[in-house]
Amino acid sequence: MKKVYICSPCRGDYEKNIAKAQEYCREAALAGVLPIAPHVYLTQFLADTVPAERELGLSLGLELLRGCDEVWVYGIAAPSAGMTAEIKLAQELGIPVVDGTDAEVKQGQYPGAGATRPNAGSDAWWLRAPTGGSYGG
């Protein structure tokens, strides 16, 4: 089964963002993939408001990302600092990064769909950067 990292905001409106992440996970699961959302899981026992625990959570999340086949980004037009780090790591590892809100993502209808762990630097991953923006630097 394909493992998909769910990349979405945590900070800000914390309760609302966690609820949204849970819904993204539900959608992903119903689409037939295994959703990995560290901010839903890790916040059950680490406090995002405690700096040392937040840093640990971010680090653990990046470790989970390393084992995923794709990254689905929600909030791609204005990613948080944590999301940007996740996107950058995925790109460095050659893990496909896609806009999770695109209907074609859930149907597997986009460039690189079905590919698992392409080589870093290949053109098998796909990401629409916001107008005038870029990721990874």
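This is a predicted model: local features need pLDDT of at least 70, side-chain atom pairs count only at pLDDT 80 or more; totals for chains, interfaces and linings use all residues.
User: What makes the pair Tyr-24 and Tyr-74 stacked?

Analyst: Rings of Phe, Tyr and Trp (its six-membered ring) pair if their centres lie within 6.5 Å, and planes under 30 degrees apart count as stacked, over 60 as edge-to-face and the rest as tilted. By this rule there are two aromatic pairs. For Tyr-24 and Tyr-74 the centres are 3.8 Å apart and the planes lie at 5 degrees, so the pair is stacked. Tyr-24 belongs to helix 1 (residues 14–30) and Tyr-74 to the loop between strand 3 and helix 4, so the pair ties together parts that are 50 residues apart in sequence. Helices (H or I, at least four residues) and strands (E, at least two) are DSSP runs, numbered from the N terminus.

User: What is the geometry of the pair formed by Tyr-41 and Phe-45?

Analyst: Tyr-41 and Phe-45 form an edge-to-face pair, at 5.3 Å centre to centre and with 80 degrees between the planes.

User: Why does Tyr-74 count as buried, and why does Phe-45 count as partly exposed?

Analyst: Buried means under 20% relative accessible area, exposed over 50%, and partly exposed in between (1.4 Å probe, protein chains only). Tyr-74 has 3% relative accessibility and therefore counts as buried, and Tyr-24, at 18%, counts as buried too. Phe-45, at 49%, counts as partly exposed.

User: Why is helix 3 called roughly parallel to helix 4?

Analyst: The axes of helix 3 (residues 51–66) and helix 4 come within 10 Å and cross at roughly 30 degrees, which makes helix 3 roughly parallel to helix 4. Angles under 35 degrees count as roughly parallel, over 145 as roughly antiparallel, 65 to 115 as roughly perpendicular and the rest as oblique. Axes are lines fitted to C-alpha atoms, for helices over the stretch in contact, and angles run from 0 to 180 degrees between N-to-C directions.

User: Which residues make the contact between helix 3 and helix 4?

Analyst: Contact means heavy atoms within 4.5 Å. Helix 3 contributes Leu-58, Leu-62, Leu-65 and Arg-66, while the residues from helix 4 include Gly-82, Ala-85 and Leu-89.

Key
Residues are numbered from 1 along each chain as its sequence is written. Side-chain values use heavy atoms; hydrogens and water are left out.
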